[in-house]
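Here is a short report on one protein chain. Take a look at the model before reading on.

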Amino acid sequence: MGASDPVVERETQKKEEEGGGGGGGGGEEEEEEEVRDVEKGEVVVEEKVVDSNSNVNINDEQRGFNASMMQTLNPTNPLRIVINGGRRVTAPRIATPPPSQPSRQAPRIATPPPSQPSRPRSISTSPPAPTPTPQASRTALNSKKYTNKISLFLFVLHMILAIGLVGFLVFKGIQGLILASESIKRKEKRVLKYLLPQVEAASLLSISLSFSWQKAVRVWPKFMVHFILWSSFFLSLSAGILLICFQKPATDGVGVCFIAFAIGNGLYACWVSQRIGFCCKVLIISLQPVSKFSDLNQPTYWMLGTGFLWMSFWILAVIGALNFYFPPLIIIALVLSLAWTTEVMRNVVNLTVCRVISLYYILGMQSSTQFCFQRALTQNLGSACLGSLFVPTIEALRIVARGLNLLEGEDEFMFSCAHCCLRIMESIFRCGNGWAYVQIAAYGKGFVQASQDTWALFERQEMEPIVDSDITSSICFLTGVCSGCICVIVTAAWTAKVHQPFTATISLLTFIIGYLMTRIAMALPQACVSCYYVCYAQNPDNRLFDSTIKDRLSLMKAGRDVVVPTPRVPHRFRET
């Protein structure tokens, strides 16, 4: 082999002399070390050490094996190198060539940087360091189970019965127009001529108003909160005065109800004036993610279109009920069915938006609105049905509790009623609240479990005063009232001109239609605010949240911020 042979022999003799002192026990220790290396997943590579100026003929097969082993190694792991059966030497990280440039030479040993000295790996019985994981697992977020199946079954059964009843009443109406006596024919023709156009016009007007309100709230949230609070007062007062001016007993009764509501609305607007600033700030921040989802309003379009078609058949069923037994009872049943159906439509939109926005906050991802809409119509529909019955009742009880709380010191009987009502409110808020839709949409929980878990999150972060004093749901409710009052003013003036006896009936119908259709569209901003609160309570350290809620809590704890919370059980009545 030329000049390199003496060098190789001298290196070999030197290694044998150094290893000869160990006797026979050295070989056993080396075998044990090699076994431990294999158990730890380390690879042993044999290589001769030669002078840098020497030329060593390496066998092609051995060289190919070494190169393939190097390419399969993890570059972050150290490499054990055994030199002619001698002592083990720990080599630093190996700089492997990229796959596109295969190397036919022996691997080079890279010199480690001074700041990162290499050291042998050892077996450790301690568990590895945990890697950061998101707050919620993907399995929980992709739950496929159906929620609240009993409520879903009842709603489907109700829809089957409602469709059958509407179809039968429409048939009775057509039968009355064709086969009934002349008096019944004249009566139904008069109803079709003077009632149907106003109701259909109110449906179209309410759809236009609903999109106008939603767009205005998204573009000018700070101005619209003040505007909605006081415009609902003036519009309801104007509708009541207009109906009283017709000087009919029916219109007078409806007008007095509108005026009474306007007085309460004005008092409420004065009462919540200290909350408006924070409400506007939260509304502005929570609506920011909406711009990232261009198709987020598609569920609203579908629900409003479906609602318009259903109301068109529904009003024909109301006309047909006039030609059947017990018309008042049937019309009341139809109104209740319509209210539940449209509330479910609103909560379908609510669940869709909640899932899109909550996944954005939790995982930082932009999910498909269409997929979330399909999920709300299938797996989470049962929770939407149950919540549509539960949440409006809770909101009504909140209003009653507020009123009784103001009167509890005036009378002993009212004091006892307030005490009882507030205790009921405490249990109801834990088992059912409007904040539950966020966890229903995100994790597929049932309505009651989601309500309890959500309220537990608020209690853990000490956010109950903030969520109790939130007026977003009241703003959305009053937006529906504004649309309903506008529909009443338009259709009442129209009906009084063409056929005044129908004024009170049409006023009530158009108010209900205007209110319900607008609430469907206003589900989007309400869902955004709910996601902001609930997702913050779940992970306050999320980088997507600012210090708005944190600063508010600090001010409240310091006593520098005045909050009028939703009345619940006073501390003096709580069990210690």
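How many helices and strands does the chain have? The chain has 22 helices and three strands. Both are DSSP runs, numbered from the N terminus: helices are H or I with at least four residues, strands are E with at least two.

## Basis

This is a predicted model, where local features need pLDDT of at least 70 and side-chain atom pairs count only at pLDDT 80 or more, while totals for chains, interfaces and linings use all residues. Residues are numbered from 1 along each chain as its sequence is written, and side-chain values use heavy atoms, without hydrogens or water.

## Overall build

The chain has 576 residues, and 45% of them count as buried. Buried means under 20% relative accessible area, exposed over 50%, partly exposed in between (1.4 Å probe, protein chains only).

Contact means heavy atoms within 4.5 Å. Take the contacts between residues at least 6 apart in sequence: 77% join residues at least 24 apart.

## The core

The largest nonpolar core has 134 residues. Such a core is a set of buried Ala, Val, Leu, Ile, Met, Phe, Trp, Tyr and Cys residues joined through side-chain atoms within 4.5 Å. Its largest share, 17 residues, comes from helix 12 (residues 327-363).

Phe 458 and Tyr 533 have the most contacts inside this core. Leaving aside neighbours within four places in sequence, Phe 458 touches Trp 435, Met 463, Glu 464, Val 467, Tyr 533, Val 534 and Ala 537.

## Helix 5

Leu 154 lies in helix 5 (residues 149-178). Leu 154 counts as partly exposed because its relative accessibility is 45%.
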